[in-house]
Amino acid sequence: MVEVELRSSKPLIYDLDYANLENLIRDWQLPGFRARQIWEGLYRNYWRSPEEFSTLPAALRQQLAEHFRFISLEPIQVLHSSDRETTKTLFNLPDGRAIETVLMKYEKRRTLCISTQSGCAMGCVFCATGQMGFKRNLTSGEIVEQVIYYANLLHQEGQSVTNIVIMGMGEPFHNYDATMAAIDRLNHPLGMNLGSRRFTISTVGLVPMIRRFAAEQRQINLAISLHAADDELRSSMLPVNKKYPLSELMVACRDYVTQTHRRLTFEWALIQNVNDSVETARKLARLLEGLLCHVNVIPLNPTQKYAGIGSTRERALAFKAELERHGIPCTIRIRRGIDIQAGCGQLAIQQTQNSTSKPVVI
Ligand code: SAH
Ligand code: SF4
């Protein structure tokens, strides 16, 4: 009953920014400090229902309950990796669309990998989310709520979210405004106050948006999904390359570094005998020559609709060694959560094929 009430069609409270909330409190003819108390309840205490707002008078709690819904994400599947360090949650949105959020615990870090869209329009052939197609953009509040969901759980264990990577489902630069609004909300000083440097956005390479992002001079880290160092191969894997070929993308990347003085990360999913040869590493090194950057290689996570497989450790090491021989720093990322299909979109694609409404915890 309460659940139904909270998941109704009222506006989602996390879609409000601080200025909206202040206006609302003014409209309701309440003292200004109530806005701050509500914000703190949402973004410092991570209260998930109006009844929990013990700092507010009952009438205001009631008013909030009447006007807003506090929950839009319904966890329908929770998976833990065998080492318990990675947890992945598949959520249903009120319209039945699915998204995924992943928590990775590593030493003192508590990193969340969040989604910005349900599905994705970019169609990268090796990506489970791309294979699903585009469903819809998330609102800024739906992006924020993924963080609050986990922040609330961690808070109960005396822990907190330390980093956020925007590498879940969807292309963040294809939902630019909502993504930036969500980050602004999460780093608001009166609330969660999570610094910009703790965020990393990964993009498939939407050139106009890279330029817009550079001009905004945000302190957020940027990663570009490259995966190939020539247009023929890149276009065969990432259709967006036909629209924004490497020549344009690399100029935008170089301009970004010049404008922001920030180091760029390039993502490279290593696919056995496709993009993992020493010659390819050499080609990549030429492409990145003189650029303030770093390459993250990650052996491909196999997906249902793509025949490629992840490179062997030997080939990954040889690729890294060749890049480093040319002065390009490279890290081989561990495949965290491989046993729970923590690769982008891999749970949601199952969900669309095999509908279940009960939470499954492994
Ligand atoms: N749309 C954005 C962010 C989400 S995807 C982007 O493409 O950058 C996050 C990262 O996961 C990207 O680098 C993407 O190329 C990579 N990725 C997608 N499917 C993968 C797979 N099956 N194995 C390894 N990496 C994958
Ligand atoms: Fe979309 Fe990124 Fe997957 Fe490509 S890799 S389909 S851009 S989510």
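**Exercise 1.** At what angle do helix 12 and helix 13 pack, and how far apart are their axes?

*Solution.* The model is predicted: local features need pLDDT of at least 70, side-chain atom pairs count only at pLDDT 80 or more, and totals for chains, interfaces and linings use all residues. Residues are numbered from 1 along each chain as its sequence is written, chains are lettered from A and ligands numbered from 1 in written order, and side-chain values use heavy atoms, without hydrogens and water.

Step 1. Locate the helices: helix 12 spans residues 278-287 and helix 13 spans residues 313-325. Helices (H or I, at least four residues) and strands (E, at least two) are DSSP runs, numbered from the N terminus.

Step 2. The angle is about 35° and the axes are 9 Å apart. Axes are lines fitted to C-alpha atoms, for helices over the stretch in contact, and angles run from 0 to 180 degrees between N-to-C directions.

Step 3. The crossing is right-handed, a term for a near helix turned clockwise from the far one by less than a right angle.

Step 4. On the helix 12 side the contact (heavy atoms within 4.5 Å) involves Val-278, Thr-280, Ala-281, Arg-282, Leu-284 and Ala-285. Their partners in helix 13 are Ala-318, Phe-319, Glu-322, Leu-323 and Arg-325. Sorted by class, this contact has seven nonpolar, one polar and three charged residues. Ala, Val, Leu, Ile, Met, Phe, Trp, Tyr, Cys and Pro count as nonpolar, Asp, Glu, Lys and Arg as charged, and the others, Gly among them, as polar.

**Exercise 2.** Which residues of helix 12 are buried?

*Solution.* Step 1. Apply the cut-offs: buried is under 20% relative accessible area, exposed over 50%, partly exposed in between (1.4 Å probe, protein chains only).

Step 1. Thr-280, Ala-281, Leu-284 and Ala-285 are buried. They lie on the same side of helix 12 because they cover an arc of only 145° around the axis, the arc being that of the directions from the helix axis to the C-beta atoms.

Step 2. Glu-279 and Arg-286 are exposed, on the face turned away from the buried side.

Step 3. The cover over the buried residues includes strand 10 (264-270), strand 11 (293-299) and helix 13.

**Exercise 3.** Is Ala-229 buried or exposed, and what does Ala-229 touch?

*Solution.* Step 1. Ala-229 sits in the loop between strand 9 (221-225) and helix 9 (231-237).

Step 1. Ala-229 counts as buried because its relative accessibility is 11%.

Step 2. Leaving out residues up to four places away in sequence, Ala-229 touches Leu-246, Trp-268, Lys-283, Leu-284 and Leu-287.

**Exercise 4.** Which residues of helix 3 are buried?

*Solution.* Step 1. Helix 3 covers residues 33-43, and eight of its 11 residues are buried.

Step 1. These are Arg-34, Ala-35, Gln-37, Ile-38, Trp-39, Gly-41, Leu-42 and Tyr-43.

Step 2. They pack against helix 2 (18-27), helix 4 (58-67), helix 6 and helix 7 (176-186).
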